[in-house]
Amino acid sequence: MQLCSFRYKYFVNVEDVKGFVSSRTTPYHPRGNGQCERYNGILWKAMKCVLKSRNLDIKRWEMTIPAALDGVYSLLCTATGESPHSRFLKFARRSNHGKSPSEWLCKSGPVLLRKFVRSSKTDDLVQQVELIEANRMYARIQSSDRRESNVSLRVIACCQRR
């Protein structure tokens, strides 16, 4: 009991001197650090998408970390029109497939569109459509049946062009 009390007093003193704050929570508990848990959830969803696209077993999730991180770092913020990397570091980040995040929005071509309505849970989450033009908030797309519509940039993603 005395050792725990000594450690506690020591770390409280270090926190005061260094000017940082800590909280005592259980590890890996979502209520303890919600922002971190949300980011972990985003990364896990990205890794599952990469696993599915490469037809890999879920046990090989470690192989997908670079591609998942690349996807998350390349996300374009609709409020600023930039990726987090280019906003804070003041230069465009190059992704693994050689395109900066906003470069693919400048040219027409295939993009992935999120599907909000699916007939079953095994249906694809996205469909490939043609990007016609885009601005900071919206994109004009053309679906496979030649219908054109405007969508938010939040629901489209870069499609690797081969």
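## Exercises on a predicted model

Arg140 is partly exposed, with 26% relative accessible area. The exercises below concern a predicted model.

**Exercise 1.** Find the salt-bridge partner of Arg140 and classify that partner by accessibility.

*Solution.* Step one: the closest N and O atoms of Arg140 and Glu148 are 3.1 Å apart. Step two: a salt bridge needs a side-chain nitrogen of Lys or Arg within 4 Å of a carboxyl oxygen of Asp or Glu, and Arg140 forms one with Glu148. Step three: Glu148 has 44% relative accessibility and therefore counts as partly exposed.

**Exercise 2.** State how many salt bridges the model has, and describe the one made by Asp145.

*Solution.* Step one: the count comes to two salt bridges. Step two: the side chain of Asp145 meets that of Arg147, at 2.9 Å from N to O. Step three: Asp145 is partly exposed, because its relative accessibility is 45%. Arg147 is exposed, because its relative accessible area is 58%.

**Exercise 3.** Locate the patch of positive charge on the surface and name the element that gives its largest share.

*Solution.* Step one: the patch gathers Arg38, Lys45, Lys48 and Arg114. Step two: helix H2, residues 34-53, supplies three residues, the largest share. Step three: Lys45 is in helix H2. With 59% relative accessibility, Lys45 counts as exposed.

**Exercise 4.** Identify the members of the nonpolar surface patch and place Trp44 in the secondary structure.

*Solution.* Step one: the patch is formed by Trp44, Ile58, Trp61 and Ile65, which together have about 340 Å² of accessible area. Step two: Trp44 belongs to helix H2, the helix in which Lys45 also lies. Step three: a patch residue must have over 30% relative accessible area; Trp44, at 32%, counts as partly exposed.

**Exercise 5.** Describe the protein as a whole by its secondary structure, burial, contacts and surface.

*Solution.* Step one: there are five helices and five strands, in the sequence pattern α-α-α-α-α-β-β-β-β-β. Step two: of the 162 residues, 22% are buried. Step three: among contacts between residues at least 6 apart in sequence, 34% join residues at least 24 apart. Step four: the accessible surface comes to about 12,900 Å², with 54% belonging to carbon and sulfur atoms.

Note on methods:
Residues numbered from 1 in each chain as written. Predicted model: local features only at pLDDT ≥ 70, side-chain atom pairs only at ≥ 80, totals over all residues. Heavy atoms only, no water. Patch = residues over 30% accessible without salt bridge, like charges linked within 9 Å, V, L, I, M, F, W, Y side chains within 5 Å. Areas by Shrake-Rupley, 256 points an atom, 1.4 Å probe, with all protein chains shown as cover. Lys, Arg positive; Asp, Glu negative; His and termini not counted. Charge placed at Lys NZ, Arg CZ, Asp CG, Glu CD. Helix = DSSP H or I, 4+ residues; strand = E, 2+ residues; numbered from the N terminus. Buried < 20%, exposed > 50% of the residue type's maximum accessible area, 1.4 Å probe, protein only. Contact = heavy atoms within 4.5 Å.
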